[in-house]
Amino acid sequence: VNESTSLKKLEANVSIMRAMNHLTELPDDCSLNVLSRLDHNDLDEIETTSKKMRLISDVARKNALKTPATSLLVKQRNPQLLYFIMRIGEDSYTLQFNGTKPLQEQRMSRGYLVDLIERTPERLERSDEILARAKVLLQRFSLEQLKFIAISIDNYFLNYFESLLRTGTVKEFQFEKCAFENNESEEGQERLKSLILSWKPSTIRLNFTCKSAFIDLKFLTDLVSAVPLVQVTVYSPASTPLRPDQTFVEVLAKFGTITMRSLVINTDWLIEAVQQRLRQKVAGDWMFGVSTDLNQQ
Amino acid sequence: PNVKLVTSDNEEFVVDFRIAKMSVTVSRLMEAMNMSETDDASLLSNSIPLPNVTKAVMARVIEWCEKHKNDEPKEEKENDKRGRTTHVVSDWDKEFLKNDEFGRLCQLMGAANYLEIKGLFNDISQTIANMIHGKKSDEIAEMFNIHCDLTEAEKKEIRKKTAWCED
């Protein structure tokens, strides 16, 4: 009986000592401070240790160290098939989404997918799921470049893009052969432009297959004011050329790099803009071509 | 000049004014009690009650403060855009904390938090984070003796949500 009592006492003492050792015994702000010093892989492990740790890990993810990645490419093959290709240094990871099983249950696998077939954007199905997947990746990785290819831009996409601005760290955005849903939605175009201006990317490439003048002079002026020496490439084959007047000298002089075929500059004041640009003594490129409708000017 | 600090187990510690001022909490209490460096009478006649700190933990806190009393205040560096902070634990601090069991580290961290001694708090927080880094969930649970109240189904759901790449 005595031995049994002693054993029980010993067990009770061990139990008290263990209780004192609980990470969960720390005040929440202390636990959060500890977890905020970890990376996402560590938080994945911590999350499955207890309900409390799960909640604190969720909050800590906002400040968790992100893994540097070179690029994330999101390409729409057709309304049902979509690729995610991520490069981290020399490694590539690919995910093909064809709608047969929920995207949330799919994982990326090693390897690069070569798909050179060019497609015209079509209405994207289940885009909310797709965007949620990309968001998971962006929470975890800091990207040098985020590239969208042949994506049909709808409200889901714009909502996602907006959430990216809060979540992600991306230096360069590229839109390649993208189009707007509802055939040239003006509201969608304005919203995308406003999001780009608030994000202030140092490099941006905009290639849209829309007929309207999606990129206008006001956008270019606002962009270069928000990001001096921005590097911009605009390609919209079907859009009407923009013809700024001499007041555009000040704006043009602030572009680090500009490649925009549909921007028609009057040679009378072009030299003045070039001189102003050279005075900034920062490397960049301006590419000039002779417009097809070149007249006396 | 010295300041008297009284712990939860009624132990009195007499410490240098500069050391007492390293704690934001003690500093505020001294101001509230009109205790000043130039007024010896106010320092002698008053003691600062610290009901959340035990004698053993206070001794460790004072040992750390003694070592760091001449340090320049230093800010943690922001590691990236998201504001994550990193803290380099000095060799002396590593040595100071290395023999503490996790339970004692937690008590010391709780005290540093309550006393608002930022340098000590960051040292301990980073030390615990370093202990966790790179470990699997079962290792973490064992190391810190975490009682898991999640079901297997819940764990599976969490893993599904967070995994981004096939193993």
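This is a conversation about how to read a predicted model of a complex.

Biologist: Where should I begin with a model that comes from a predictor? Which scores are there for the complex as a whole?

Modeller: Begin with confidence. The predictor gives the complex an ipTM of 0.87 and a pTM of 0.64. For chain B, the average pLDDT is 83, and 86% of the residues score at least 70.

Biologist: Where in chain B is confidence lowest, and where is it highest?

Modeller: Strand 4 of chain B, residues 77–78, has the lowest mean, 54. Helix 4 of chain B, residues 55–68, has the highest, at 92. Look also at residues 80–84 of chain B, where pLDDT stays under 50. For that stretch the model has 14 contacts beyond four places in sequence.

Biologist: Fine. How many helices and strands does chain B have?

Modeller: Chain B has nine helices and five strands. Reading from the N terminus, the order is β-β-α-α-α-β-α-β-β-α-α-α-α-α. Of its 167 residues, 29% count as buried. Among the contacts in chain B with a separation of 6 or more, 59% join residues 24 or more positions apart.

Biologist: In what order do the strands of the open sheet in chain B stand?

Modeller: Three strands form that sheet in the order 2-1-3, with mixed pairing. Strand 2 (12–16) and strand 3 (47–50) of chain B are at the edges with a single partner strand each, so one side of each lacks a neighbour in the sheet. From one strand to the next, the twist averages 30°.

Biologist: How do strand 1 and strand 2 of chain B run relative to each other, parallel or antiparallel?

Modeller: They run antiparallel, and five bridges join strand 1 (residues 2–7) to strand 2 of chain B. To see one residue pair, find Lys4(B), which stands opposite Val14(B) in strand 2 of chain B. While you are at that end, look at Pro1(B), in the segment before strand 1 of chain B. Pro1(B) has 15 C-beta neighbours inside 10 Å and therefore counts as partly exposed.

Biologist: Which residues of helix 7 of chain B are buried?

Modeller: The buried residues include Leu120(B), Phe121(B), Ile124(B), Ile128(B) and Ile132(B). Asn122(B), Asp123(B), Ser125(B), Gln126(B) and Thr127(B) are buried too.

Biologist: And what covers the buried residues of this helix?

Modeller: Both chains contribute. From chain A the cover includes helix 2 (28–35) and helix 3 (40–47). From chain B it includes helix 4, helix 5 (91–98), helix 6 (102–115) and helix 8 (137–143). Just after helix 7 of chain B, Gly134(B) takes a positive phi of about 85°.

Biologist: How many residues does the largest nonpolar core have?

Modeller: It has 49 residues, and those with the most contacts inside it are Leu72(A), Ile151(A), Ile153(A) and Cys178(A). Strand 7 of chain A, residues 170–180, supplies the largest share, six residues. Leu72(A) touches residues including Phe84(A), Met86(A) and Leu137(A). A second, separate core has 47 residues, among them Val53(B), Leu115(B), Ile128(B) and Phe144(B).

Biologist: Which residues of strand 9 of chain A are on its covered face, and which on its uncovered one?

Modeller: In a regular strand, side chains alternate between the two faces of the sheet. Strand 9 of chain A (residues 231–235) has Val232(A) and Val234(A) on its covered face. Gln231(A), Thr233(A) and Tyr235(A) are on the uncovered one.

Biologist: Which strands pair with strand 9 of chain A?

Modeller: Strand 8 of chain A (residues 203–208) pairs with strand 9 in the parallel sense over five bridges. Here Asn207(A) stands opposite Tyr235(A). Strand 10 of chain A (residues 257–260) also runs parallel to strand 9, joined by four bridges. Thr233(A) has Thr259(A) in strand 10 of chain A as its bridge partner.

Technical notes: Residues numbered from 1 in each chain as written. Chains lettered and ligands numbered in written order. Predicted model: local features only at pLDDT ≥ 70, side-chain atom pairs only at ≥ 80, totals over all residues. pLDDT = per-residue confidence, 0-100. Helix = DSSP H or I, 4+ residues; strand = E, 2+ residues; numbered from the N terminus. Contact = placed C-beta atoms within 7 Å. Pairing = 2+ DSSP bridges. Axes fitted to C-alpha atoms, helices over the stretch in contact; angles between N-to-C directions. Buried ≥ 20, exposed ≤ 12 C-beta atoms within 10 Å, placed from the backbone. Core = buried A, V, L, I, M, F, W, Y, C linked by C-beta atoms within 7 Å.
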